[in-house]
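The sequence and model come first.

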Amino acid sequence: MWMSNGDQLVLMYCKTGDEPQLELHTINHNVYRLNTQGDIVWQVQRDDSNHPPGWWDELHRQARAEGLDGAREPFAEFLIEYADGSNNKTPMETLPLIDMWVPGCRIWLRGSAYQQYTLDPDTGIAKNVTKWPVRPW
């Protein structure tokens, strides 16, 4: 996603089956802001304060019990919601691979599972806005 000053928001996600296995932290923080020189300004940080304390610990525990290295919950796509309530979906309900941020829009990050986040493009903080309860343990 292009920003008005030439920076880019980049979501690193692939699910074809032949993608390289990324380190656990990298896959769970797979959104970056790059400046015009291609330098990393920030790597996304999750704010899951709307979930109970220890939520990620429990996700990791369950994944490790299944033989994985931890819970892999990458962000899967950007959705831009414009000030008038419209969004950047195409008529076929798909999202473009490249888009332009405009002032006043909200950036949604959809998780690879069921989680929904809003992204602050200035700070890189993705706030989890998923309604509770979502999953019983």
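## Surface patch and salt bridges

Ile98 sits in the loop that runs between strand S5 (75-81) and strand S6 (106-111). The model is predicted. Ile98 counts as exposed because its relative accessibility is 61%, and exposed means over 50%. Ile98 belongs to a nonpolar surface patch with Trp2, Met100 and Val102. Together these residues have about 370 Å² of accessible area.

Now the charged pairs. Side chains of opposite charge can pair when their charged atoms come close. Six salt bridges turn up in a search of the whole structure. Among them are these:

| Salt bridge | Closest N to O |
|---|---|
| Arg33 and Asp7 | 2.9 Å |
| Asp47 and Lys127 | 3.5 Å |

Arg33 forms a salt bridge with Asp7. This pair links distant parts of the chain, 26 residues apart: Arg33 is in strand S2 (residues 31-34), and Asp7 is in the segment before strand S1 (8-11). Both Arg33 and Asp7 are buried. A network of salt bridges links Asp7, Arg33 and Asp122.

Asp47 pairs with Lys127 in another salt bridge. This one also links distant parts of the chain: Asp47 in strand S4 (residues 45-47) and Lys127 in strand S8 (residues 125-128), 80 residues apart. Asp47 counts as partly exposed because its relative accessibility is 22%. Lys127 is partly exposed too, with a relative accessible area of 35%.

Glu58 and Arg61 both lie in helix H2 (residues 55-65). They are three residues apart, about one turn of the helix. Arg61 has 47% relative accessibility, so Arg61 counts as partly exposed.

Definitions and conventions
Residues numbered from 1 in each chain as written. Predicted model: local features only at pLDDT ≥ 70, side-chain atom pairs only at ≥ 80, totals over all residues. Heavy atoms only, no water. Patch = residues over 30% accessible without salt bridge, like charges linked within 9 Å, V, L, I, M, F, W, Y side chains within 5 Å. Areas by Shrake-Rupley, 256 points an atom, 1.4 Å probe, with all protein chains shown as cover. Salt bridge = Lys/Arg side-chain N within 4 Å of Asp/Glu carboxyl O. Helix = DSSP H or I, 4+ residues; strand = E, 2+ residues; numbered from the N terminus. Buried < 20%, exposed > 50% of the residue type's maximum accessible area, 1.4 Å probe, protein only.
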